[in-house]
Amino acid sequence: MGKTVLKAGFIGSGFAARFHYNALQHVFSTGVEVTGVYSVAAEEAAQFAAERGIRVYDSMEALIEDSDILHVCTPPVTHEPIVVAVLEKNRNVIVEKPFTGYFGDGSESFSGETFSREEGLKVALDSCRRMLDAEKRSKGRIMYAENWIYAPAVQKEREIIEKTKAQVLWINGEQSHSGSHSLAYGQWKLSGGGSLIGKGCHPLSAAIYFKHVEGRVRNGEPIRPVSVSARTHAMTRMPSFQDAGYLKTHYRDVEDFAIVHVLFEDGTVADLIANELSLGGTNNWIRVNANNHRTLCNMSHNDSMETFTPKDEIYQDVYVVEKTETKAGWSEISPDEGWFLGYQHELDAFYKAADTGCRIESNSKLAADTIATIYSAYLSAERGGQETKVMNL
Ligand SMILES: NC(=O)c1ccc[n+]([C@@H]2O[C@H](COP(=O)([O-])OP(=O)(O)OC[C@H]3O[C@@H](n4cnc5c(N)ncnc54)[C@H](O)[C@@H]3O)[C@@H](O)[C@H]2O)c1
């Protein structure tokens, strides 16, 4: 008997759509037929389609109609309406991070510096609820594209927690680098926040995931975050910041540093850091300190391969590692960055879940817990780091 062939539709034709399309080539649990792409940037979509020999759609509804599974690779502010539209048609939906958020009040004068964090939290939670409700009404399911969950190191740690029935006591983790290239990033109304949501969502989701897994093993219920204490800072916008030219500095009204302390309902904790202030390539790591083991998941950079070259230009055509400032000297070059970061495993798992109905590891519950924790953290930061409740959606 042949494999099921699932029809894949792309919404958005930018950076994320490109790496989704590449990762799709590694899906082996099902067959995949790409129906086509729809994007508001018609020219970009036409080029995306031409380069890959796929059809370009001028209507999102028609693309959804023709597909079994939709990849939402659009800016965060558009996620909710697109995800709801896909679920209303009873299709499965893969949605990029962050799940949703608060993107201002639509006024010209809106500033990410001054709005009420309480209002931001309320709006973000309402958005999550509408997405979760749409999923309950639908035959389709939400697949939250948090690639860290599918990183082989994170899945190996899941196996350790499951098989040893570990109690996870303290998690710490980080995503940081020298700053985002995207000019849209750094404006609250487009990105829903700064380092905390853009980068912190990755280690935060992984930390919450490990506690979900632990609870699932113990009594079938996820262990949830219940409160958060956070500080955020905008160091590259300080009058005293001395720009040496290596860090990006184009952020308009968002933070470039965030630190978050999460308390879970069983009394255990996680400490997570996100920032745009770190030279030397992207730092993606998470540590688990449990009652019976300790693990470091070192997604990038790591020393699985090392290389030396005396001059940068020798490696001008060689991809070394994400966001490194120089290729000269010793580098922790990645032989397959997408593999370490879980992109390929993520899509294979989603297509398998769409085909078989099996459990989705990175599901809507994880997505909603992450958003609830992030916007409670922004409220905590507004209050100087005061402990702030995280709602259970
Ligand atoms: N998991 C990761 O590591 C990772 C990395 C980068 C980006 N992302 C996420 O991917 C998403 C997209 O980011 P990107 O970097 O690809 O942005 P991008 O600007 O490169 O591409 C966005 C695309 O969406 C299209 N678009 C915008 N509004 C639309 C709408 N209403 N309907 C249809 N198309 C629309 C644009 O025309 C463009 O083609 C974001 O949520 C981002 O956070 C995730």
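Predicted model: local features only at pLDDT ≥ 70, side-chain atom pairs only at ≥ 80, totals over all residues.
Me: What makes the way α7 passes α10 a right-handed crossing?

Reply: α7 passes α10 in a right-handed crossing. Residues are numbered from 1 along each chain as its sequence is written.

Me: How do you know whether α7 and α10 are roughly parallel or roughly antiparallel?

Reply: Take the axes of α7 (residues 152-164) and α10 (residues 201-219): they cross at roughly 30° and come within 9 Å. Axes are lines fitted to C-alpha atoms, for helices over the stretch in contact, with angles from 0 to 180 degrees between N-to-C directions. Under 35 degrees counts as roughly parallel, over 145 as roughly antiparallel, 65 to 115 as roughly perpendicular, and the rest as oblique. α7 and α10 are therefore roughly parallel.

Me: Which residues make this contact?

Reply: α7 gives V154, E157, R158, I161 and E162, and α10 gives A206, F210, V213, E214 and V217. Contact here is a matter of C-beta atoms, placed from the backbone, lying within 7 Å. By class, the contact of α7 with α10 has six nonpolar, no polar and four charged residues. Ala, Val, Leu, Ile, Met, Phe, Trp, Tyr, Cys and Pro count as nonpolar, Asp, Glu, Lys and Arg as charged, and the others, Gly among them, as polar.

Me: What is the relation of α5 to α13, roughly parallel or roughly antiparallel?

Reply: The axes of α5 (residues 117-137) and α13 (residues 364-382) come within 9 Å and cross at roughly 175°. That makes α5 roughly antiparallel to α13. Among the residues that meet are L121, L125 and M131 in α5 and I371, Y375 and L379 in α13. The contact of α5 with α13 divides into twelve nonpolar, three polar and four charged residues.

Me: How many helices and strands does the chain have?

Reply: There are 13 helices and 15 strands. Both are DSSP runs, numbered from the N terminus: helices are H or I with at least four residues, strands are E with at least two.

Me: What makes the chain as compact as a globular protein of its length?

Reply: The globule rule is 2.2 Å times the number of residues to the power 0.38, and the radius of gyration is taken over C-alpha atoms. For 393 residues the rule gives 21 Å, and the chain's radius of gyration is 21 Å, so the chain is as compact as a globular protein of that length. Its C-alpha atoms fill a box of roughly 60 × 55 × 50 Å along the principal axes.

Me: What makes β3 and β6 edge strands?

Reply: They belong to an open sheet of six strands, in the order β3-β2-β1-β4-β5-β6, with parallel pairing. β3 (55-56) and β6 (142-145) each pair on one side only. Two strands pair if DSSP finds at least two bridges between them. β1 (residues 5-11) and β2 (residues 31-38) run parallel, joined by seven bridges. In that pair, G9 stands opposite G36. Helix α1 (residues 15-24) packs on the sheet, touching β1, β2, β4 (69-72) and β5 (92-96). Helix α4 (residues 79-88) also packs on the sheet, at about 165° to the direction of β5.

Me: Which strands stand at the edges of the seven-strand sheet?

Reply: That open sheet has the order β12-β11-β7-β10-β9-β8-β15, and its pairing is mixed. β12 (294-300) and β15 (388-389) each have a single partner strand, so one side of each is left without a neighbour in the sheet.

Me: Which strands pair with β7, and in what direction?

Reply: Eight bridges join β7 (residues 168-176) to β11 (residues 283-290), and these run antiparallel. Seven bridges join β7 to β10 (residues 269-275), and these run parallel. E174 stands opposite W285 in β11, and its partner in β10 is I273.

Key
Left-handed = near helix turned anticlockwise from the far one by under 90°. Contact = placed C-beta atoms within 7 Å.
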